[in-house]
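Please keep the model in view while reading the points below.

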Amino acid sequence: MINEEIKKQYIPTIGLEIHLEPKTKNKMFCNCLNNPDETIPNTNVCPICLAHPGVLPTINLEAVKLIIKLGLALNCEIPVKARFDRKNYFYPDLPKAYQITQAFFPFCLNGKMTPFLEEGAGEVLIREIHLEEDTGRLVHLPDKTLIDYNRASRPLIELVTKACIHDSKTARAFAESLQVILRDLNISDADMEKGQMRVEVNVSVSKDDKWGTKTEVKNINSFRAAEKAIDYEIDRQIELLEKGEKIVQETRGWDDSKNITISQRIKEGADDYRYFPDPDLPEMIVHGAGGIFDLNDIKKEIGELPNEKKERIMKEYSLPSIKAILFVINSEVFEYFQKTVFEIKNILKDSNNLQKSFELIYNYLVTDILGYVSLKNINFKEIKISVLNFAKLINLIIENRISSRGAKMILEKIIQDDNDPEIVMKENGLEQVSNSEDLLKIVLEVLSENEKTVLEYKAGKVSVIQFLIGKTMAKAKGAGNPGMIKELIERELNK
Ligand SMILES: [Zn+2]
């Protein structure tokens with residue numbers, strides 16, 4: 001363990017490299033299907049993605065549009081000119097012996113995003129986002145290795161941040177916020193377990209403003225692992241430096257079972273990939289005069305971004321950040337909330353209760369309805385209760401006609417058959433006596449039956465009021481509104 005005082009002397013610097021699988025119909029440079037769920041090896045292959053001699057690639061414009069969409073959502077510049085280059089290296093999962101990528105003229109440059117899932121996280125700068133093709137997959141058996149080219153040449157988006165992050169929480173929040181954006185814009189499912197989103201972290205520490213020697217950590221399969229891997233690397237590097245040792249520039253792997261990083265490959269100078277423009281693919285004029293896309297059209301398709309949505313929810317419904325985030329992540333649930341709000345506006349007798357209704361709708365929706373969904377392990381879409389009946393139920397609470405206990409009981413009954421809550425309330429005798437005349441009658445009866453207790457109260461033992469409330473509730477058969485009963489008793493006793 002490192003002393004916290006020593007740790008404070010070091011500044012960690014973190015950069016992220018994130019690979020994303022965009023959801024396109026076809027592969028990046030041929031017409032094979034881009035199907036991540038294909039289980040039979042070497043099914044989605046053709047002479048182009050298998051690199052037979054004499055074949056020519058064509059650019060998948062659907063993939064290009066998705067990367068531009070992401071770039072615009074992340075405040076990137078979209079340069080007019082873009083180009084694909086060859087990255088040369090030999091490996092069995094790479095049939096061409098080069099990977100088509102963008103080394104010099106990527107589609108997106110200089111973006112930024114403030115991770116909206118973490119309160120107070122600072123802005124993260126994005127160096128570039130480029131498009132490339134994926135490699136095939138090696139399957140190692142005890143006596144041989146097999147190759148599956150289904151993944152070969154599937155489109156891959158790579159996002160590289162600037163080394164501008166200084167704590168693991170911000171790094172994690174950036175990746176998590178990015179996932180929300182990708183799903184919201186339907187660019188990628190970005191499931192880390194399925195490898196649709198692969199996060200690599202670069203970490204270095206330094207006592208001054210110069211960068212230290214960085215290490216790169218791979219094999220990270222969850223956001224939690226990314227945070228832990230960064231924290232581990234920071235501690236490991238500080239410990240080495242404190243012992244007077246040097247940091248080795250290397251690639252390390254995260255071991256999720258042991259919670260440590262392990263050295264995988266020492267980097268001896270930069271790899272020589274002999275990048276050069278792919279002569280088979282034309283340079284692209286992305287937008288502007290003679291360009292392929294109209295950026296304004298793509299901007300229109302983007303609409304409201306998740307971070308903007310969060311701000312709007314907080315403002316419109318006076319909900320705190322954490323509650324707004326839940327809605328940003330669950331757009332179906334938010335839609336249900338909005339529709340319920342629309343209904344309740346027509347039902348409420350007093351519009352001053354609107355604010356209170358937002359809070360109640362949120363709480364019953366998140367605690368009770370979502371609680372039911374997770375308990376029954378079903379999809380939110382399978383819930384039968386209509387927004388109208390849900391709004392009616394909330395209105396019964398606002399009008400004090402049911403207690404919160406009663407509301408929960410009714411909700412449980414109507415959640416899957418969508419009955420009218422008012423009818424269910426009456427059928428089950430759950431209506432509170434909120435009519436003050438009826439309730440006053442009962443209160444007066446209780447007071448006359450319990451003269452001794454009344455005298456005790458008047459002598460200063462105010463706690464006995466609980467006994468009187470209990471008696472009244474019992475007489476009202478549990479259907480009395482406790483707050484109202486207390487008020488009436490106090491008024492009578494203080495006359
Ligand atoms: Zn193909």
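1. The model is predicted, so local features need pLDDT of at least 70 and side-chain atom pairs count only at pLDDT 80 or more, while totals for chains, interfaces and linings use all residues. Residues are numbered from 1 along each chain as its sequence is written, and side-chain values use heavy atoms, leaving out hydrogens and water.

2. The zinc ion is held by the SG atoms of Cys30, Cys32, Cys46 and Cys49, at 2.3 to 2.4 Å. Donors here are N, O and S atoms within 2.8 Å of the metal (3.2 Å for Na, K and Ca); water is not among the atoms, so sites may look incomplete. Along the chain, the donors follow the spacing C-x1-C-x13-C-x2-C.

3. The site of the zinc ion is tetrahedral, with angles of 100 to 114° among its 4 donor atoms; for four donors, the term requires all angles to lie between 85 and 135 degrees.

4. Cys30 is buried at a relative accessible area of 4%, and Cys32 is buried at 8%. Buried means under 20% relative accessible area, with a 1.4 Å probe and protein chains only.

5. The axes of helix α6 (residues 306-317) and helix α8 (residues 331-347) come within 14 Å and cross at roughly 25°. This makes α6 roughly parallel to α8, a term for angles under 35 degrees.

6. Helices α15 (residues 465-475) and α16 (residues 482-493) have axes that come within 10 Å and cross at roughly 120°. The contact (heavy atoms within 4.5 Å) includes Leu468 of α15 and Ile485 of α16.

Technical notes. Tetrahedral: all angles 85-135°; square planar, octahedral: opposite > 155°, others 65-115°. Buried < 20%, exposed > 50% of the residue type's maximum accessible area, 1.4 Å probe, protein only. Axes fitted to C-alpha atoms, helices over the stretch in contact; angles between N-to-C directions. Helix = DSSP H or I, 4+ residues; strand = E, 2+ residues; numbered from the N terminus. Parallel < 35°, antiparallel > 145°, perpendicular 65-115°, else oblique.
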